[in-house]
Amino acid sequence: MAEIIRQSTSRGKRRRALPGVRVDMTPLVDLGFLLLTFFVLTSELAKENAITASFPASEKTQPVNGMTVFVGKNPEKIFWYSGKCDPSVHLNVTGTKNNGLLNVLKNANAVVFRQVEVIDRQHNLGLLNDESWKTKRAALLSDDAVPFVVVKWSEDASYQDVVNVLDDLNRVHNGKYAVVAETAEDNALINKQ
Amino acid sequence: MPKIKPPSHSPSLDMTPMVDLAFLLVTFFMLTATMRSPEPVIVDTPSSISDIILPKNTLLITIDTAGRVFFNIEGKQVRVEMLRRMMTKFPDVKFTDEQVAKFGSMQSFGVPIQDLPAYIDADEPTKAKMNAVTKGIPIDTTDNKDQLSYWINFGRVSEYRFRDSLKNAGVKTEELRVAIKADGKAGYKQVDKVISLFKKQDVYRFNLITALEGDPNTPAAGDAKK
């Protein structure tokens with residue numbers, strides 16, 4: 001391909017085939033792969049990850065099967081309690097270190113979490129087809145056993161801390177949550193600790 | 001037995017198929033790659049383990065450490081129509097046709113609409129300076145100065161109409177998603193203000209842009225997450 005066939009113009013008896021003119025393609029290849037590398041690397045970098053979160057419209061009162069997590073200034077001092085709120089409720093404390101909060105949320109959602117992990121594994125192994133996996137998963141995620149988590153943020157909570165909680169909820173397959181502002185009563189409750 | 005002839009030429013490789021392949025791939029990546037849109041501010045997004053890739057058709061709200069709000073929506077036609085609607089809402093601010101067209105191919109911005117004509121005309125260094133001093137798009141609802149709601153509303157309406165026309169033409173389209181790209185160190189209070197503006201317009205689902213962190217099962221990843 002890369003040679004030009006030259007027709008011999010001499011008409012004499014001593015006719016011989018001229019060798020084709022070869023073009024050195026190496027620099028072209030170099031350039032091609034250089035550009036290729038560039039585009040592969042840059043297109044890889046432009047991807048952005050996101051977590052999908054829903055923020056319900058009405059800030060409903062807490063259902064019975066639920067827990068409340070307070071996100072404040074210090075990510076290592078996250079207060080939480082489960083069940084109904086009353087002034088004498090005991091607040092537990094946890095942090096983001098060593099997956100503290102993650103384990104708390106995991107324990108609260110232990111039954112469903114384990115079941116979801118099982119069907120996820122079955123799906124990965126090809127034992128479960130896409131459709132039944134999806135319906136089973138959706139049914140599990142809306143199961144009544146999933147605790148409703150109210151995430152309450154204070155004025156000095158940073159975005160990262162709230163995202164951490166949402167991320168942990170995603171990890172334990174809990175999609176039932178609401179993010180609301182802390183009330184004065186909540187504040188009093190925390191200050192009592 | 002015939003004699004084995006020594007090769008008369010130096011062995012040379014035909015590189016042509018390799019060149020073909022390389023340039024084919026280059027063309028492919030060039031055409032498929034979408035360049036990262038230039039950001040008006042540097043935002044250090046919080047980390048999460050989510051590996052969900054951000055959907056393509058997004059309305060992007062950027063919030064930096066100081067809580068300043070920037071707005072972006074994709075699509076030239078959408079942006080032009082959105083600005084035209086804003087112009088009827090704010091008739092005091094004058095835009096030339098040229099400025100409107102230029103706005104169509106711009107990206108994220110974070111200036112009040114009163115400063116927008118000057119921002120459109122500014123060159124890159126001036127824009128960077130304006131981005132550094134701006135207070136962001138006003139979102140304060142108390143003084144009735146909230147402009148972000150109008151941008152969101154008109155942006156969504158324009159995008160919906162544009163998508164509808166595409167749909168009628170038989171083009172497959174993606175629904176508009178709302179993405180929030182806030183700095184991890186930004187106060188959640190400011191993010192909540194923006195979210196409550198969306199809630200007023202019945203938008204409840206958001207994509208919170210995060211940076212992927214390491215394997216969640218190792219304790220080190222939990223420590224790094226702060």
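Biologist: Which residue is the bridge partner of Gly66(A) in β7(A)?

Modeller: Strands of a sheet pair through backbone hydrogen bonds, either parallel or antiparallel. Here, the bridge partner of Gly66(A) is Phe148(A). Strands are DSSP runs of E with at least two residues, helices are runs of H or I with at least four, and both are numbered from the N terminus. Two strands pair if DSSP finds at least two bridges between them. Strand β4 (residues 66-71) of chain A and β7(A) run parallel, joined by 6 bridges.

Biologist: Before we go on, how are residues and chains labelled?

Modeller: Residues count from 1 along each chain as its sequence is written, while chains are lettered from A and ligands numbered from 1 in the order in which they are written. This is a predicted model, where local features need pLDDT of at least 70, side-chain atom pairs count only at pLDDT 80 or more, and totals for chains, interfaces and linings use all residues.

Biologist: Which strand is joined to β7(A) by 5 bridges?

Modeller: That is strand β8 (residues 177-181) of chain A, and the two run parallel. In this pairing Val150(A) stands opposite Ala178(A), and Lys152(A) has Val180(A) as its bridge partner.

Biologist: Why is β7(A) largely enclosed?

Modeller: Strand β7 (residues 148-153) of chain A has 5 of its 6 residues buried, so the rest of the structure largely encloses it. Buried means that 20 or more other C-beta atoms, placed from the backbone, lie within 10 Å of the residue's own. Across chain A, buried residues make up 27% of the 193 residues.

Biologist: What is the strand order in the open sheet of chain A?

Modeller: The order is β6-β5-β4-β7-β8, 5 strands with mixed pairing. At the edges stand β6 (92-94) and β8 of chain A, each with a single partner strand, so one side of each is left without a neighbour in the sheet. On average, neighbouring strands of this sheet are turned by 25 degrees against each other, direction ignored.

Biologist: And the helices: how do α3(A) and α4(A) cross?

Modeller: Two packed helices are described by the angle between their axes and the distance between the axes. For helix α3 (residues 110-124) and helix α4 (residues 130-141) of chain A, the axes come within 10 Å and cross at roughly 170 degrees. These axes are lines fitted to C-alpha atoms over the stretch in contact, with angles from 0 to 180 degrees between N-to-C directions. The two helices are therefore roughly antiparallel, a label for angles over 145 degrees. Residues making the contact include Val112(A) and Ile119(A) of α3(A), and Trp133(A) and Leu140(A) of α4(A). Contact means C-beta atoms, placed from the backbone, within 7 Å.

Biologist: How many residues of chain A are in contact with chain B?

Modeller: 45 residues of chain A are in contact with 51 residues of chain B. On the side of chain A that touches chain B, α1 (26-45), β3 (49-54) and α5 (159-171) of chain A each supply at least two residues. The largest share, 11 residues, comes from α1(A).

Biologist: Which strand of chain B pairs with β3(A)?

Modeller: Strand β5 (residues 205-212) of chain B pairs with β3(A) in the antiparallel sense, over 6 bridges. Within that pairing, Ser54(A) has Arg205(B) as its bridge partner.

Notes:
Two residues are in contact if their C-beta atoms, placed from the backbone, lie within 7 Å. A residue is buried if 20 or more other C-beta atoms lie within 10 Å of its own, exposed if 12 or fewer, and partly exposed in between; C-beta atoms are placed from the backbone. Angles under 35 degrees count as roughly parallel, over 145 as roughly antiparallel, 65 to 115 as roughly perpendicular and the rest as oblique.
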